[in-house]
Amino acid sequence: MVVSGQAVHRTIVVVDVEGFGAPSRTLPHQVATRAGLYRVVAAALLAAGVPWEDCYHEDRGDSVFVLVPPDYAKAPLAEVLPGALVRALRSHNDTSPAPQRTRLRVVIHAGEVAFDGHGVTSTAVTTAFRLLDAPTVKQALADSPGLIVLIVSRWFFDEVVRHSATLDPATFRPVPVAVKEVRDTAWVALPDHPHPTDPAVLDQSANPPAPDDGRGTRPRQLPGAPAQFIGREEYLADLDRALTPVDGTPATGTAAVISALGGAGGIGKTWLALKWAHRHADRFPDGQLFADLRGFSPDSRPLDPAVAVRGFLDALGVDPGRLPADPDARTALYRSLIAGRRMLIVLDNAATADQVVPLLPGTPTCTVLVTSRTTPASLIDRHGARHLRLDVLSAEEAHALLAERLGQRRADAEPDAVDELVDLCGRYPLALAIIARHAVTRPAVPLAEFAAELRELGLEVLDHDTDPAAGVPSVLSWSLRHLTSEQRLAFTLLGTAPGPDITPLAATHLIGMSAARTRQTLRALENASLLDRRARGRYAMHDLIRTYATTLAQDLPEPVRRAALDRVVDFYLHTADAAARLVDPHTALTPLEPPTSEVSPQPLSDQHAALAWLDAEHPHLLAAQHTAAAQGRHHTAWCLAWCLTDFHRRRGHLHDDVAAWRVAVTSAGHLPDPGTLIRTHRHLGAAQARLDRHDEAIGHLRQALALAEEHGDSTQQAHTHHELAQAWEQRGNDRAALHHSRRALDLYRVEGNPVWEASTLNMVGWFAARLDDYDTAREHCQASLALHRSHNNPDGEADTLDSLGYIDHRTGNHRQAIDHYHQALALDRALGHTYQAANTLDSLGHPHSALGEHERARAVWREALELYREQGRHTDAQRVQQQLDGLGGTAVPGPDVTTDPSGAAAQVVNDHH
């Protein structure tokens, strides 16, 4: 048994021998009786599927106390164990002398048990022994002709026996228990002489009043435990830790506040609170109080705490004639009545801390559990409340919830539909419950049809015409009542923001407030559980809450909605433009109109800061481009594609680059400048080429070249020849690539553009090397390197050093090749150019392999393989994996030729430019 101070929920079994100390039982008979007891209990536990050696057990003289490990099911202990005990005990009695024959009292309970160096400690264990010693229980065995009386606690009866598929709960009988501090109800059954079935006993209150010992009424106000509660074990454990110290005794003076993550309405706070409360009701023998404070309800204002106090006083049995007239005096009386008593107070659906504070006890023996959509700061700050934020269900829990409600067979019959329903509901408990209700009440309709409805109609499917509490939109709308008009407008606009989340600065532009007011508003929405603050100061909404906000935005005046989106899109555009200029100062970006006074781009200090911002805001920039295009802001949509191109290439976001330029092609058709359409076809063709979509790439590039020639634009002709060279390289046609690179070089020299001339000199050198003309290759690449360095262009320098490494390797200068590759790699890493870094690592392995340095080759190829996979470059990844698989005692062929079993040489090309 592992000794730990952490309490764990376990099943407790106590078996007691009737009349163990009777005068007829001498010491030898007692020893034999106890040995028989252990054999009987061990055999019965094994019959219930619980090996004796897996259990913790203690001898208590005339009884044995057993703790069943938590991973064993509880139901067999009620369904199988009693009958097995009867059979084993009957066999024992049949083969034993009269003084060793016996009858047994068997108690089954469950609760939190903590282990320490002295053994076990637990209120639940104490309760089990109190049940065993209750006079009413002893009398039940005395009055029975049978061998065993089974006693289960109220908790075990409600949670296990009532739901058993094999037991008949109507054969159990409730009996009051009043032993020392325990005032409760137990349920008694006679396994070998059962009581007649009497359904009426099940209609009795599960919490009948325990005998009064002069300390007043013991209220049992908890609503019923959730019938189909799924998962949430992590949160239940969090509550255990918050409300239970390591010694296993009830927490003192602790309030746990449950607040929903991403919008509390319908996320399951009340169910979680009730599940925990029922699971641990035995810790609170003096009673449980419950009040719905109606902080967010469809048909009433929040409950006045004075009304809640009056309800508690009634539950505590105070004569109405004794109630003080003064509200403060009533509160004082309430606190006096619960002082020193071990009670649980559940305050559900609180709107503010002001509702809760008057209901807090003044004694450390009580525990308070509060649920609220807001974060009650004063409870946390002034009263030491523990704060537990509740998230949506996990994917496994969401699937289990649907399977529980729909039936496992129906869920298994349409697994794809179940997966889609879970995704469309965002794992939101209320949404899943609603869609399950629709399906359960229409068993003939396939689940796929419900998924299609939800996909098409969205929140409309999750609403309810007559019951506001049964619809997601209505439940969420109650959260808006406590917001100011300014906060409601901000919530609505945030639903329309481009991208999955938003920074405070972007939100400032969207909402149109000052930075300080925006931060206050975001905090208010977070406090109302309508927003969730995430890492790096970003804010996000759950998908269903965002859909609700977007629905509300449709009712905003068009100028208000349009102006908000214009501001935030312009913020993204102008900051992206500044970032692109820092990432590559030599890129000729299209000049933008200066931002309006309402737009302040985010300050970026250097290239590192620019790349970090682009990394963080990449999905938002793509979404902003779609927003701009949808609003007819075609120049803005085109400029966003232009600003992102170099970043996409550096980071290997090749599919995103194609997607951005496809949007730009549509927008370019609405713009008057023909040069815009030329550039768009050129960039889309280049992006397609990098994805090995050669036909599409060549088609767009030829369109660009034809348009450039038609309009006499020599610069665009040069750029297009430059891209055509790379496209033909991707296709493996180095001669065509060399032809286009020479045409580009001639045009750049006429244009007097030294940076592009340097880039194209490197291209000519590269393709010459590919065609084994190494002298021409080295001459052009060295000229390129000098030009790049003189114009401080580290991007071009890195590309050219990579080409020189290739030339050195192909001509046998492997050490010089390694040096050139390392210089190129250092520049790529400093520039954040992970796409090109993968290519250079790939190339670097070959001279290492040629020199027999196989471990170094293996190391760089593994790094290249990881980058290729991250960038979705599957062909390159497959080739490098083959290089790793072939790495042995001989050099692996260089990057341009691989050995084909048929004897043919197949060319494999890296995109070095």
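Student: Is Phe284 buried or exposed?

Tutor: Phe284 is buried, and its relative accessible area comes out at 2%. Keep in mind that this is a predicted model.

Student: OK, and what about Trp276, buried or exposed?

Tutor: Buried, with a relative accessible area of 0% for Trp276.

Student: How far apart are the ring centres of Trp276 and Phe284, and what kind of pair is that?

Tutor: The centres are 6.3 Å apart. The planes meet at 50 degrees, so this pair counts as tilted. A pair has to be under 30 degrees to be stacked and over 60 to be edge-to-face.

Student: How many aromatic pairs are there by that rule?

Tutor: The count is 16. Some ring pairs also join up: Tyr56, Phe65, Phe115 and Phe129 are linked into a cluster.

Student: Phe65, which strand is that in, and what's its bridge partner?

Tutor: Phe65 is in strand 3, and it bridges to Val14. Strand 3 covers residues 63–68 and pairs with strand 1 in the antiparallel sense, over six bridges.

Student: What else does strand 1 pair with?

Tutor: Strand 4, residues 104–116, again antiparallel, with 10 bridges. Within that pairing, Val15 is opposite Val106 of strand 4.

Student: Switching topic: which charged ends sit over rings?

Tutor: One of them is Arg873, whose charged end is over the ring of Tyr835 at 3.7 Å from the centre. Arg679 is another example, lying over the face of Trp642 with 5.7 Å to the ring centre.

Student: Now the big picture. Which residues touch the most other members in the largest nonpolar core?

Tutor: That core has 121 residues, and the ones touching the most other members are Leu402, Tyr428, Phe491, Leu494, Ile502, Leu510 and Tyr572.

Student: Which helix gives the largest share of this core?

Tutor: Helix 24, residues 558–583, which supplies 11 residues.

Student: Zoom in on Leu494 for me. What does it touch?

Tutor: Leaving out residues up to four places away in sequence, Leu494 touches Ile502, Ala507, Leu510, Leu522, Leu525, Leu531, Met541 and Arg546.

Student: How many residues are in the second core?

Tutor: The second core is separate and has 48 residues, including Ala777, Leu801, Ala824 and Tyr868.

Methods
Residues numbered from 1 in each chain as written. Predicted model: local features only at pLDDT ≥ 70, side-chain atom pairs only at ≥ 80, totals over all residues. Heavy atoms only, no water. Core = buried A, V, L, I, M, F, W, Y, C linked by side-chain atoms within 4.5 Å. Buried < 20%, exposed > 50% of the residue type's maximum accessible area, 1.4 Å probe, protein only. Helix = DSSP H or I, 4+ residues; strand = E, 2+ residues; numbered from the N terminus. Contact = heavy atoms within 4.5 Å. Phe/Tyr/Trp six-rings, centres within 6.5 Å; stacked < 30°, edge-to-face > 60°. Lys NZ or Arg CZ within 6 Å of the ring centre and 35° of its normal. Pairing = 2+ DSSP bridges.
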